[in-house]
Amino acid sequence: MAAPQRVVQAVQSAIVASAYLAALQHVSAAAEACQRLGRLTSGRWRSAARDLSTMEEDLQTALSSASESLESFADDLGVPEEALWTVGDAAATFDLLRDAALDQLDDDDDAAASVRILEGEVLFGASFVEDPDLPDRGTTLLFGWPDPLEPASWPWQANWVVGDSDSQEDGEAEELDLFENGELEGDETLVAGLADELGSGQEEARTALRSAAMALTRASLLAAIEGDEEEEEEEEDDDNGAV
């Protein structure tokens, strides 16, 4: 069963609004950096700053309009506006992690269905909720058609395991050990849609969805670790360069 047209429009609007917000944040940061460069170096960067400032204003206007549309859709559907923002952000997260998640899948027949899910049209969003009491556990939410406002949930547990350090210059090597911590839940309509997309039975679709969830979660956790390491390196560079 297809999602009602009003729901489809609301989700599409949420995805666009989330993209406007992300673009605005990046452009604002770039405009500020170019303004600083313009003060320190050449006029080229002052010109770039002016162009970016114009783009920033355009994005702000577009975001305001998109936000008003989301508010209208939320009222019409009887759902919190935040729920639509969550769907939009989940779609953005999925787009960012898709390639890295594909790299996490084995190159064999068992992974083929998971690859098709990640590259398909039914599954379109993912978000990650960490357990506030247990930092090594969390839940991955999977958004898809035909019921985009009701995600499936996949609970997981992650550990960093000390491995072979021979190839490491500065000590112990760590590998991410990720595994299921419960059953996939709330997945009935999503699995039915995936089964149709794959031309398979629902059990095969559910197995492939779990593998896709694990790949997305691994990609997210690894990206977070890489981001933390880059932040630490930048802080060290700043400290070393401080007078």
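This is a predicted model: local features need pLDDT of at least 70, side-chain atom pairs count only at pLDDT 80 or more; totals for chains, interfaces and linings use all residues.

Visitor: Why is Ser153 called buried?
Guide: Its relative accessible area is 19%, and buried means under 20%, so Ser153 counts as buried. Leaving aside residues up to four places away in sequence, Ser153 touches Thr139, Thr140, Leu141, Glu183, Leu184 and Glu185.

Visitor: What makes Glu81 partly exposed?
Guide: Glu81 has 28% relative accessibility. Buried would need under 20% and exposed over 50%, so Glu81 falls in between and is partly exposed. Glu81 is found in helix H3, residues 81–104, and among its contacts beyond four places in sequence is Ser67. The C-alpha atoms of Glu81 and Ser67 are separated by 9.2 Å.

Visitor: How many aromatic pairs does a search of the whole structure find?
Guide: The search finds 1 aromatic pair.

Visitor: Why is the pair of Phe124 and Trp145 called tilted?
Guide: The ring centres are 5.2 Å apart, and pairing asks for centres within 6.5 Å, so the rings pair. Their planes meet at 35 degrees; stacked needs under 30 and edge-to-face over 60, so the pair is tilted. Phe124 lies in strand E1 and Trp145 in the loop between strand E2 and E3, so the pair ties together parts that are 21 residues apart in sequence.

Visitor: Is Phe124 buried or exposed?
Guide: Phe124 is at 10% relative accessibility, and the limit for buried is under 20%, so Phe124 counts as buried. Trp145, at 22%, counts as partly exposed.

Terms used
Residues are numbered from 1 along each chain as its sequence is written. Side-chain values use heavy atoms; hydrogens and water are left out. Helices (H or I, at least four residues) and strands (E, at least two) are DSSP runs, numbered from the N terminus. Buried means under 20% relative accessible area, exposed over 50%, partly exposed in between (1.4 Å probe, protein chains only). Contact means heavy atoms within 4.5 Å. Rings of Phe, Tyr and Trp (its six-membered ring) pair if their centres lie within 6.5 Å; planes under 30 degrees apart count as stacked, over 60 as edge-to-face and the rest as tilted.
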